[in-house]
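Good morning, and thank you for making time for this item.

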Amino acid sequence: ISQQDFDCRVLAVGLAQLTYRATIQRAENQSPSYSVRSSIWRFDGEKWQMVFHQGTACNPF
């Protein structure tokens with residue numbers, strides 16, 4: 001898996017959205033798959049925890 005084009009934006013105090021693009025090369029498949037990904041992270045006062053994640057297949061980039 002390779003990842004690129006990370007972007008993080010603060011949605012509110014202690015809440016952030018991370019977006020990026022991923023390329024996945026599986027050993028059993030010669031063609032890689034591509035996706036755009038987004039996750040929501042919440043800070044609980046001690047650590048950041050992912051509370052939502054979505055990956056959507058897309059054309060090669």
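Predicted model: local features only at pLDDT ≥ 70, side-chain atom pairs only at ≥ 80, totals over all residues.

How exposed is F43? Its relative accessible area is 35%, so F43 is classed as partly exposed, given that the class lies between the 20% and 50% limits.

The ring of F43 has a partner in W48. Their centres are 5.3 Å apart and their planes meet at 45 degrees, so this pair is tilted; an angle under 30 degrees would have counted as stacked, and one over 60 as edge-to-face. W48 is likewise partly exposed, with a relative accessible area of 44%.

How many aromatic pairs are there by this rule? The count comes to three. Another of them joins F6 and Y20, and here the ring centres lie 5.0 Å apart with the planes at 20 degrees, so the pair is stacked. Because F6 belongs to strand β1 and Y20 to strand β2, the contact ties together parts that are 14 residues apart in sequence.

Let me now turn to the strands themselves. In what order do they run across the sheet? The sheet is open and has four strands, arranged β1-β2-β3-β4 with antiparallel pairing. At its edges are β1, residues 2-12, and β4, residues 48-57, each of which pairs on one side only. From one strand to the next, the twist averages 20 degrees.

Inside that order, β2 covers residues 15-24 and β3 covers residues 33-43, and the two are joined in the antiparallel sense over ten bridges.

Finally, a word on the loop between β1 and β2, where V13 is found. Is V13 buried or exposed? V13 has a relative accessible area of 89% and is therefore exposed. Along the chain, V13 and R42 are 29 residues apart, and their C-alpha atoms are separated by 9.0 Å.

To close, I would return to the two ring pairs described: F43 with W48 is tilted, while F6 with Y20 is stacked. Thank you; I am glad to take questions.

How values were computed
Residues numbered from 1 in each chain as written. Heavy atoms only, no water. Pairing = 2+ DSSP bridges. Axes fitted to C-alpha atoms, helices over the stretch in contact; angles between N-to-C directions. Buried < 20%, exposed > 50% of the residue type's maximum accessible area, 1.4 Å probe, protein only. Phe/Tyr/Trp six-rings, centres within 6.5 Å; stacked < 30°, edge-to-face > 60°.
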